[in-house]
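Here is a colleague's note for someone meeting this structure for the first time. Please keep the sequence and the model open while reading it.

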Amino acid sequence: MGTRVTVQQILRQTVKNVPISTFIPVRLKAFKRPHLQPLCLSCRLFCFASDRTSSPLPQHNHSLSPDLSLRSLLDMGFTESQARQICDSVFREKGANAAKHVLSTLTVLFVLGLNPTSVLKLLDKCPELCTVKETQLQQRINHLRKLGLVEGSLQRMVVHYPKILTVPVKSVKNVVQFLRENCQFTSQQVTETLRDSPAVVLEDLAQLEYKFQYVYFRMGVKQAEMVKCRLFRFTLDDVRCRHSFLERRGLYQTPDKKGQTTIINPKLDSILNVDREMFIADVARASAEEYDVFQKLLAREWKEEELEHCSIKAYSDDDDDDDEEEEEETGGKSGYKKKKKKNK
């Protein structure tokens with residue numbers, strides 16, 4: 001600040017001491033190189049002093065819209081590094097179009113109860129969340145609350161899987177209806193499934209149904225145990241592979257109609273919710289080499305089954321086409337006979 005005042009005083013004294021009669025010639029001489037250097041040096045000192053006293057936050061490429069800027073993010077509670085990171089990610093991912101909804105999105109997330117650090121992690125996982133309108137975001141959060149997700153559970157689920165806020169309410173309703181009607185889940189079981197396995201809302205319903213039926217009928221596991229072990233976090237291939245390995249080693253049996261087996265089957269939780277090494281050693285009581293060979297053979301079996309299924313489907317489609325052609329021919333002949341009888 002002292003430097004700035006000193007420079008200003010020097011400039012004022014210089015202007016005052018210049019005679020009026022020589023003022024115009026000095027301006028003309030200023031175009032010459034020797035007289036220009038001292039003036040430029042003074043200006044540089046003045047500008048440097050001004051820069052040092054101004055805000056330390058440069059605005060280049062960090063103001064994507066009239067509303068979104070570093071200053072606005074700092075006012076919301078973000079640190080300078082966090083604000084820069086948000087601006088850079090928004091501009092890099094979506095450009096200026098995303099900036100229109102960023103502040104409203106951040107406001108909804110803060111109202112939800114998230115702190116700046118959690119919000120930043122959330123946006124890193126799901127940058128497309130910035131493009132969701134405020135009204136849509138609020139509707140989706142309210143709908144999740146109606147499904148039984150209480151405070152605390154809702155926030156943890158959103159931070160763990162923020163992509164659920166990009167899913168339309170209608171899609172979530174379809175999955176909930178499927179779990180209730182096709183899987184016979186209770187309302188509480190549906191809530192726990194959404195809380196622990198939120199990615200289920202984006203899973204294909206046909207694959208979801210096949211996975212449920214495989215575990216329910218093939219393995220004899222009930223809905224309560226499925227929810228407890230978080231079944232829908234695992235792929236169908238993972239479930240089938242581990243179950244088939246145990247079954248072929250004589251360590252798992254499909255229950256009969258009464259739900260009974262001649263051996264004690266391991267729990268679904270001990271099959272799925274353990275790492276590979278523990279499953280092989282403690283549950284399957286086998287070696288890693290045996291499991292590797294089994295996985296390769298099983299993959300080959302699945303491929304052959306898929307090819308066979310495709311060929312059967314193609315053959316059935318050909319039969320349907322032949323049946324349609326026969327119906328057209330017989331329909332034409334019978335129509336001709338009916339007309340002939342009427343003429344008689």
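This is a predicted model: local features need pLDDT of at least 70, side-chain atom pairs count only at pLDDT 80 or more; totals for chains, interfaces and linings use all residues.

1. Residues are numbered from 1 along each chain as its sequence is written, and side-chain values use heavy atoms, with hydrogens and water left out.

2. The structure holds two cavities of 30 Å³ or more. A cavity here is a set of points, on a 1 Å grid over the protein atoms alone, where a 1.4 Å probe fits but cannot get out, and its lining residues have an atom within 4 Å of a point.

3. The largest cavity contains about 50 Å³ of space, and its lining is made up of Arg140, His143, Leu144, Ile164, Leu165, Val167, Pro168, Val169 and Val172. Helices are DSSP runs (H or I, at least four residues), numbered from the N terminus.

4. For the second largest cavity the volume is about 40 Å³, and the residues around it are Phe185, Glu192, Thr193, Asp196, Ser197, Met226, Val227, Arg230, Leu231 and Phe232. At least two lining residues come from each of helix 11 (187–196) and helix 13 (223–228), with helix 11 giving the most, three residues.

5. By class, seven nonpolar, one polar and one charged residues line the largest cavity, whereas the lining of the second largest cavity has five nonpolar, two polar and three charged residues. Ala, Val, Leu, Ile, Met, Phe, Trp, Tyr, Cys and Pro count as nonpolar, Asp, Glu, Lys and Arg as charged, and the others, Gly among them, as polar.

Conventions:
On a 1 Å grid over the protein atoms alone, a cavity is a set of points where a 1.4 Å probe fits but cannot get out, and a pocket is an open set with protein on both sides within 12 Å along at least five of seven lines; lining residues have an atom within 4 Å of a point. Grid points are joined across faces, edges and corners, and a volume is the space filled by probe spheres set on the points.
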